[in-house]
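I opened the model to look up its disulfides, its sheet, its cores and its aromatic pairs. My entries follow in that order.

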Amino acid sequence: MTRRLAAAALLLLGTALLGGCSTTVHLEPADDANNPLCAEVSVGLQNVASIADKDRRWTDAQATGAWGDPGEPSAIILRCGVAVPAPTSELQCVTLEGVDWLVDASDTPFLRLTTYGRDPAVQLYIDTGAVSSNDVISTRTLVGAVTAIPSDGKCTAPDELDEDAQELLG
C-alpha cells in the first residue's frame, strides 16, 4: 500500500510540475547585452511580472524579456544592448514617462520602439494586435528598469502623445 501511495504521489507531483511549466521564449541576445547597464535593466525586469495583462515568460538570452500568453507568440519582447540609434528624421520620436522612444512602424501591426539618448539602447518589439504599445511603454516598472540606463541625449522635437501618436502606438 505504501508503494502505491508513493507512486501516486510521484505521478501527481510530475503532472503538477509539467502542467506548471511554460515554454521558454528563444531570443538572440543583442550585441552589447553584456554591458553592465543591461544587467541593471535585467534586475529591474524582475519586478515586471506582467505588462498590459500579459504575463512574463522565461527567455533563454541575456538581457531580454518577453511577455505574452503561453502557447502563443510573445506580444512584447525586450532586448537590451541593441545598437544605439543615430539622430534621425526618418522615425517618429515619442517621449513618455521621461523616456524618448524612436518608433518604427514599418512592420505594422508590429512596432519596434528603441530608446533614444541611452547607451546601451533598449528595444521593444510589440504586437499591437495583442496589446497597446502605449500601455507597454507607460508601465512604471518597465520604465524604472529602462531608466537604469542614464539619459545622455534627447529627441530634438519629441511628439507628445496626442491623438495621432496614440493612434500610431495603438
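**Disulfides**

I searched the whole structure and found two disulfides, a disulfide being a pair of cysteine sulfur atoms within 2.5 Å. The model is predicted: local features need pLDDT of at least 70, side-chain atom pairs count only at pLDDT 80 or more, and totals for chains, interfaces and linings use all residues. Residues are numbered from 1 along each chain as its sequence is written, and side-chain values use heavy atoms, with hydrogens and water left out.

I took cysteine 38 and cysteine 80 to begin with; their sulfur atoms are 2.1 Å apart. The S-S torsion of cysteine 38 and cysteine 80 is about -80°, so this disulfide is left-handed. Cysteine 38 sits in helix H2 and cysteine 80 in strand E4, so the bond ties together parts 42 residues apart in sequence. Helices (H or I, at least four residues) and strands (E, at least two) are DSSP runs, numbered from the N terminus. Are these cysteines buried or exposed? Cysteine 38 is buried at 0% relative accessibility, and cysteine 80 is buried, also with 0%. The cut-offs are under 20% relative accessible area for buried, over 50% for exposed and partly exposed in between (1.4 Å probe, protein chains only).

I then checked cysteine 93 and cysteine 155, with S to S at 1.7 Å. Their S-S torsion is about 75°, so the disulfide is right-handed. Cysteine 93 is in strand E5 and cysteine 155 in the loop between H4 and helix H5 (163-169), so parts 62 residues apart in sequence are tied together. Both cysteine 93 and cysteine 155 are buried. Counting bonded cysteines along the chain, I read the pattern 1-2, 3-4.

**Sheet**

I traced an open sheet of eight strands, in the order E1-E2-E3-E4-E8-E7-E6-E5, with antiparallel pairing. Two strands pair if DSSP finds at least two bridges between them. The edges are strand E1 (50-51) and E5, each pairing on one side only.

E1 and E2 are joined by two antiparallel bridges, and isoleucine 51 stands opposite lysine 54 in E2. Their hairpin has two residues between the strands, and alanine 52 in the turn has a positive phi of about 50°. The hairpin of E2 and E3 has six residues between the strands, and there alanine 63 has a positive phi near 60°. Alanine 66 in E3 is the bridge partner of arginine 57 and stands opposite isoleucine 77 in E4. Four bridges join E3 (residues 64-67) to E4.

**Cores**

I looked up the largest nonpolar core: it has 30 residues, and Leu45, Ile76, Leu113, Leu124, Val136 and Leu142 touch the most other members. Such a core is a set of buried Ala, Val, Leu, Ile, Met, Phe, Trp, Tyr and Cys residues joined through side-chain atoms within 4.5 Å. H4 gives the largest share, four residues. Another core, apart from this one, has five residues, among them Val25, Leu27, Ala61 and Ala66.

Which residues does leucine 45 touch? Leaving out residues up to four places away in sequence, leucine 45 touches Arg56, Thr64, Trp67, Leu78, Leu142 and Ala145 (contact means heavy atoms within 4.5 Å).

**Aromatic pair**

I counted one aromatic pair. Rings of Phe, Tyr and Trp (its six-membered ring) pair if their centres lie within 6.5 Å; planes under 30 degrees apart count as stacked, over 60 as edge-to-face and the rest as tilted. Phenylalanine 110 and tyrosine 125 are stacked, at 5.5 Å centre to centre and 5° between the planes. Phenylalanine 110 is partly exposed at 28%, and tyrosine 125 is partly exposed at 23%.
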